[in-house]
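Opening the notebook on this one.

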Amino acid sequence: MPVDPVIVWLRRDLRLADNPALFHAAASGAAVLPVYIHAPEEEGDWPTGAAGRWWLHYSLAALAGALRGCGAGLILRSGDSLETLLALARGSGARAVYWNRALEPASGMRDSRVRHALQGEGIEVFEYPAGRLFEPDAVRTREGAPFRVFTPFWKAALTIGPDLEPLPAPQVLPPLPGNPATLPLEALALRPATAWDSGLRAAWRPGEAGARTRLRQTLAEVAPAYPGLRDRPDVNGTSRLSPHLHFGEVSPRQVAAALETLRIESPAAAPGAQAMLRQLGWREFALHLLHHFPETSDSPLDRRYARFPWRETGPELEAWQRGRTGYPLVDAGMRELWTSGWMHNRVRMVAASLLTKNLRIHWLEGARWFWDTLVDADLANNTLGWQWTAGCGADAAPFFRVFNPVRQSERFDPDGAYIRRWVPEIATLPDRWLHAPWTAPGAVQREHGVVIGRDYPAPIVDLSTSREEALAAWRATVQNAGR
């Protein structure tokens, strides 16, 4: 007796391997209908930004090719998710829908609505945890509350122990039954209308195969030296797996399992493997926070900061966005971001500190810019990072911790290679002046063809004065909150 086909609703799990929904659907013995539904209006206040849409286009193309290689294919649709799933079920005779559980607030509410409606139509729903090592409700304090500080969170999580056995990818899938209608990928209009994406194309290979390659490179080249080089933007010292993780082209379980194997088989690389696993822990912590405090995507976790006197935006914000602040490390990072869709994490913190502490511009302005320009823009990570730097979130850097971009570049880009790559107009300056070019004597500037204010901007804010003003505003806010 033939078995009714089943639908696999794909979202940010654009891979074949270690995909619980796809694995269990294939194991059911039914023909599988993998579908991706483009529904940006269901993403709430944070629809995928321009760089993310670019990535999504090529990730979907790669997934479609991988599914065709298994004998099936990918169905692309656009519109309301529930209506689309119901139409696909009615047209195919499917009586079950499989998906991997989403955690972002808007996605979670949508999934609840879809689940109840499908079940009301007599369609079974199978939902699986995926895309994280721990379920957010599984890691709690002794009192049963969510954690707000990373170190005890991660210690508690490790006592549970993550499942490190990734599921295999299906080797063969039945052909799509009934020749279901599908949109051409171009109809989703994910790529930019104007050609600004050449830097992204040069830097990245979206898709599951690209993620596997990146993971292999990380294990072989990055992990052994990771503890000493992770803060250096001038070298290849980080995994750059973040966009692959965000779009689900590789699962955190796959990464954690690979790091554990490396730790066991290569004692010399063990410290690096452990340190990289801890970085996965920060990703878990971000998901934990957003799940338990969904309002923090737009509001500070520390409610005292709701009354903080942020300044009105003006030309300083645009200067920061375009990498024209006069602080070379910040400008290098912002230009790297604009060109490649990515920025080194150390530089992200320094750039965010300048915006929120020295310029005193609301952290949401920075969060929105990163959201639109980062290929790895992830609501949980973006929220955690910006609130951490601004001092208003969980496990936050104290407000009086203000990153000095000059000292940071002297320490982490000592030879100036990173600055010279992304801020070429000051590349001819000697190392002595590169990190604070406005301090170079006029004769030195003229000799090297770099006149500050003409060839490169003077600093848009004084670091010392602005730091004191920010601290005074913070102290006043805290005092007023206690009244």
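Ground rules: the model is predicted, with local features needing pLDDT of at least 70 and side-chain atom pairs pLDDT 80 or more, while totals for chains, interfaces and linings use all residues. Residues are numbered from 1 along each chain as its sequence is written, and side-chain values use heavy atoms, with hydrogens and water left out.

Entry, helix pair. I looked up helix 10 (residues 252–265) and helix 11 (residues 270–292), whose axes come within 8 Å and cross at roughly 160°. That makes the two helices roughly antiparallel (angles over 145 degrees count as such). From helix 10, the contact (heavy atoms within 4.5 Å) takes in Pro252, Val255, Ala256, Leu259, Leu262 and Arg263. Helix 11 answers with residues including Ala273, Met276, Leu277, Leu280, Arg283 and Glu284. I noted the classes as ten nonpolar, one polar and three charged residues.

Entry, cavities. How many cavities of 30 Å³ or more does the structure hold? I got three, a cavity being a set of points on a 1 Å grid over the protein atoms alone where a 1.4 Å probe fits but cannot get out. The largest cavity has about 100 Å³ of space.

Entry, lining. Which helix gives the largest share of the lining of the largest cavity? Helix 16 (379–390) does, with four residues. Helix 11 turns up again here, supplying at least two residues. Among the lining residues (an atom within 4 Å of a point) I wrote down Leu289, Phe293, Thr383 and Gln387. The lining has eight nonpolar, four polar and no charged residues.

Conventions: Axes fitted to C-alpha atoms, helices over the stretch in contact; angles between N-to-C directions. Parallel < 35°, antiparallel > 145°, perpendicular 65-115°, else oblique. Nonpolar A, V, L, I, M, F, W, Y, C, P; charged D, E, K, R; others polar. 1 Å grid on protein atoms, 1.4 Å probe; cavity = no way out; pocket = protein on both sides within 12 Å on 5 of 7 lines; lining within 4 Å. Points joined across faces, edges and corners; volume = space filled by probe spheres on them.
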